[in-house]
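Dear colleague,

I am handing over the structure below, together with a summary of what was found in it. Please read the notes alongside the sequence and the model.

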Amino acid sequence: HLPVLVGAILLEHHPNQSIGFVLDNSARKELEQRKDAFISMASHELKTPLTALKMQTQLARRRLERQSLQEAATALEMVEKPVKQLERLVEELLDVSKIQAGKLEYRQEMVDLGVLLREVVETMQQTHSSHTIVVRGTLHSSLMGDRDRLGQVFTNLLSNAIKYSPGAETIEMDLRASEDAVTIRVQDHGLGIPREQCDKIFDRFYRVVGPRQRAIPGLGMGLYIVAEIVKSHGGIITVESDVGKGSTFTVTFPKREDA
Ligand code: ADP
């Protein structure tokens, strides 16, 4: 089966360079199924915030007609969450299409990963009180790269750790720096990922097959984007996981000469 898998990966990452590469039927079918599942989930993920938007704006209008200004303002405040959901979805879709076109651009600036990580955790903790994020390790460690994009990597790994750990409240984050590398680890005690699917989760639109995972909404774009950002910073990302026990994602960046 190996050549088939390699084919699928090639097609995923280099759509224009895979011309002439023959995918056999089962690989083609898998890609088709993944795209079908994506479209169905995406419609759902668009519909939910849109419905909320529609309801809240109608409510606000009715309240304005009745001159209940304060109540109208309350209804409009409720619009914030679905708007954010839509914004995130559209941004991820744009990121995926930029990656596909090789047009994702990165700023080059000195980034203190320790400071960035703590900022991300603080923001996350404000919006996700269900889980406790414990941060350990180096306070300061710098790297050349794109601050916002690196923040996106941490945000994504953390939000996955929370999302896929219903009932397992503690998430651990760890930042270590050696002379030649910086390592960030995100560990949860949640659902875990079956061993044979660990490589695939970084593929575009891939979602783990299993009733508990599928019940949690998502489109399989986050880790694809994360892996691309890490790769573009010269780093690598790996995952170790035990079903029912949890997952640990490890990102390692080499310290470059110019950093
Ligand atoms: P999404 O979460 O939107 O589906 P991602 O690309 O972020 O997409 O993740 C791909 C898949 O990997 C998820 O659908 C999920 O099945 C699995 N996954 C990611 N992170 C975790 C985690 N911390 N624990 C368990 N499964 C995970």
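The shell around the ligand in this predicted model comprises 10 nonpolar, 7 polar and 3 charged residues. Of the 20 residues around the ligand, those that come nearest are Asn160, Tyr164, Asp188, Arg207 and Leu223.

In aspartate 188, an N or O atom of the side chain is 2.8 Å from a nitrogen atom of the ligand. Lysine 163 places a polar side-chain atom 3.0 Å from an oxygen atom of the ligand. For glutamine 213, a polar side-chain atom likewise lies 3.0 Å from an oxygen atom of the ligand. The ligand taken alone exposes 530 Å², and the protein buries 97% of that. Two or more residues of the shell come from each of helix H6 (147-163), helix H8 (222-232) and strand S7 (246-254). Helix H6 gives the most, with 3 residues.

Next, the aromatic rings. The structure holds 2 aromatic pairs. In the pair formed by phenylalanine 202 and phenylalanine 249, the ring centres are 6.4 Å apart and the planes stand at 80°, so the arrangement is edge-to-face. Because phenylalanine 202 lies in the loop between strand S5 (181-187) and helix H7 (211-214), while phenylalanine 249 belongs to strand S7, the pair ties together parts that are 47 residues apart in sequence. Phenylalanine 202 and phenylalanine 249 are both buried.

The loop between S5 and H7 is also the place of phenylalanine 205. This residue has a positive phi of about 70°, although it is not a glycine. With a relative accessible area of 12%, phenylalanine 205 is buried.

A positive phi is found at glutamine 67 too, at about 65°, and glutamine 67 is not a glycine either. Is glutamine 67 buried or exposed? Its relative accessible area is 66%, so glutamine 67 counts as exposed. Glutamine 67 lies in the loop between H2 and helix H3 (69-77), and its positive phi comes just after H2.

Helix H2 itself covers residues 25-65 and has 41 residues. From its first C-alpha to its last, H2 reaches 59 Å, close to the 60 Å expected at 1.5 Å a residue. Which residues of H2 are buried? They are Ala27, Leu31, Arg34, Phe38, Ala42, Pro49, Leu53, Gln56, Ala60 and Arg63. As background to that list, an α-helix has 3.6 residues a turn, so residues three or four places apart point the same way.

Finally, I would draw your attention to histidine 233, which lies in the loop between H8 and strand S6 (236-242). Its relative accessibility is 4%, and histidine 233 therefore counts as buried. The side chain of histidine 233 reaches the backbone nitrogen of aspartate 146 at 3.0 Å. Between histidine 233 and asparagine 160, the separation is 73 residues in sequence and 21 Å in space, C-alpha to C-alpha. Asparagine 160 is one of the residues that come nearest to the ligand.

With kind regards

Notes. Residues are numbered from 1 along each chain as its sequence is written. Side-chain values use heavy atoms; hydrogens and water are left out. Helices (H or I, at least four residues) and strands (E, at least two) are DSSP runs, numbered from the N terminus. The expected span of a helix is 1.5 Å times one less than its number of residues. Buried means under 20% relative accessible area, exposed over 50%, partly exposed in between (1.4 Å probe, protein chains only). A residue is near a molecule or strand if one of its heavy atoms lies within 4 Å of it. A polar contact is a pair of N or O atoms within 3.5 Å; within protein, one must be able to donate a hydrogen and the other to accept it, and residues adjacent in sequence count only if both atoms are side-chain atoms. Accessible areas come from the Shrake-Rupley method with a 1.4 Å probe; for residues, only the protein chains shown count as cover. Ala, Val, Leu, Ile, Met, Phe, Trp, Tyr, Cys and Pro count as nonpolar, Asp, Glu, Lys and Arg as charged, and the others, Gly among them, as polar. Rings of Phe, Tyr and Trp (its six-membered ring) pair if their centres lie within 6.5 Å; planes under 30 degrees apart count as stacked, over 60 as edge-to-face and the rest as tilted.
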